[in-house]
Amino acid sequence: MINMYSMFMMAEEAAEESSLFSADQMGGYAATILITVFNVLLVFLFFKFVLFKPILGIIKKREEQINSNIANAEKQEEEAKANAEKSKQAIDDARAEAAQILEDARASADEQAAIIKQKAKDEASEMISRAENEVVRMKRVAIEEMKDEISDLSVEVAGRVIGDVVEHDKLKTLADKHVQDLIKEEVDEVEQ
């Protein structure tokens with residue numbers, strides 16, 4: 001029993017000597033704190049340089065790529081707007097040019113129509129004038145032929161009626177004069 005009692009006493013003495021705030025215990029606490037701080041610092045540096053730095057680099061590259069894509073999209077949008085404006089202006093110019101071409105074509109067609117009408121009128125007037133001249137010429141020819149025939153017929157009739165009293169040449173001259181006077185009167189009546 002002594003043994004047990006002595007062990008119990010020793011444990012009690014040891015418990016009294018080792019309290020929570022004893023110098024030995026404080027040294028152990030300080031060493032544990034230093035090791036824990038060192039471990040936390042080591043883990044922090046490990047995460048910072050091994051994990052966080054590459055991840056942050058990847059995130060930064062991705063952010064730069066996104067910003068670059070946004071800038072390119074804005075630039076392309078501005079170019080598209082400029083191209084749309086140019087296209088709209090080109091369409092407006094083409095419409096104005098087409099309208100001008102149509103107006104010029106109408107003016108040219110009207111001018112050509114006026115020229116063609118004037119040519120047709122001139123040709124018609126010329127044809128009428130030629131036809132009138134031809135009619136007058138044919139009338140003169142017909143009158144001349146009739147005059148000769150009437151004159152010859154008159155001389156022959158007068159020669160049969162009068163006989164040889166008046167010379168044949170004189171009768172012809174008188175008949176020609178009389179026929180010309182008659183024809184002139186007829187022509188004047190027709191022309192009026």
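1. Let's start with Arg130 and Glu126, since both sit in helix 2, four residues apart, about one turn of the helix. In this predicted model, Arg130 forms a salt bridge with Glu126, and the closest N and O atoms are 3.2 Å apart. That distance is within 4 Å, so the pair qualifies as a salt bridge.

2. The protein chain has three helices and zero strands, and its elements run α-α-α from the N terminus on. Helix 2 covers residues 23–162, and several of the points below come back to that element.

3. How much of the protein chain is buried? Buried residues make up 6% of the 192 residues. The protein chain exposes about 17,000 Å², and carbon and sulfur atoms supply 62% of that area. Please keep these values in mind when you look at the side chains discussed here.

4. Back to charges: the salt bridge count comes to three. Side chains of opposite charge can pair when their charged atoms come close. One of these bridges joins Glu77 to Lys81, where the closest N and O atoms are 3.7 Å apart. Both residues lie in helix 2, four residues apart, about one turn of the helix. Is Lys81 buried or exposed? Lys81 is exposed, because its relative accessible area of 54% is over 50%. Glu77, at 44% relative accessibility, counts as partly exposed.

5. Another salt bridge brings together the side chains of Glu134 and Arg137, at 2.4 Å from N to O. What separates Glu134 and Arg137 along helix 2? They are three residues apart, so about one helical turn lies between them. Glu134 is partly exposed, with a relative accessible area of 34%, and Arg137 is also partly exposed, at 45% relative accessibility.

6. Now for a group of like charges. Which residues form a negative surface patch? The patch is made of Glu85, Asp92, Asp93 and Glu97. Asp92 is found in helix 2 and is partly exposed, with a relative accessible area of 36%.

7. Phe46 and Phe47 form a tilted pair, 5.9 Å from centre to centre, with 55° between the planes. Phe46 counts as partly exposed at 45% relative accessibility, while Phe47 is partly exposed with a relative accessible area of 34%. The rings of Phe47 and Phe52 have their centres 6.2 Å apart and their planes at 45°, so this pair is tilted as well. Phe52 is partly exposed, with a relative accessible area of 45%.

8. Why do both pairs count as tilted? A pair of aromatic rings is described by the distance of the centres and the angle of the planes. Planes under 30 degrees apart would be stacked and those over 60 edge-to-face, so the 55° of Phe46 and Phe47 falls in the tilted class. The 45° of Phe47 and Phe52 is placed in the tilted class for that reason too. Phe47 takes part in the pair with Phe46 and in the pair with Phe52, and Phe46, Phe47 and Phe52 form one aromatic cluster.

Note on methods: Residues numbered from 1 in each chain as written. Predicted model: local features only at pLDDT ≥ 70, side-chain atom pairs only at ≥ 80, totals over all residues. Heavy atoms only, no water. Helix = DSSP H or I, 4+ residues; strand = E, 2+ residues; numbered from the N terminus. Buried < 20%, exposed > 50% of the residue type's maximum accessible area, 1.4 Å probe, protein only. Areas by Shrake-Rupley, 256 points an atom, 1.4 Å probe, with all protein chains shown as cover. Patch = residues over 30% accessible without salt bridge, like charges linked within 9 Å, V, L, I, M, F, W, Y side chains within 5 Å. Lys, Arg positive; Asp, Glu negative; His and termini not counted. Charge placed at Lys NZ, Arg CZ, Asp CG, Glu CD. Phe/Tyr/Trp six-rings, centres within 6.5 Å; stacked < 30°, edge-to-face > 60°.
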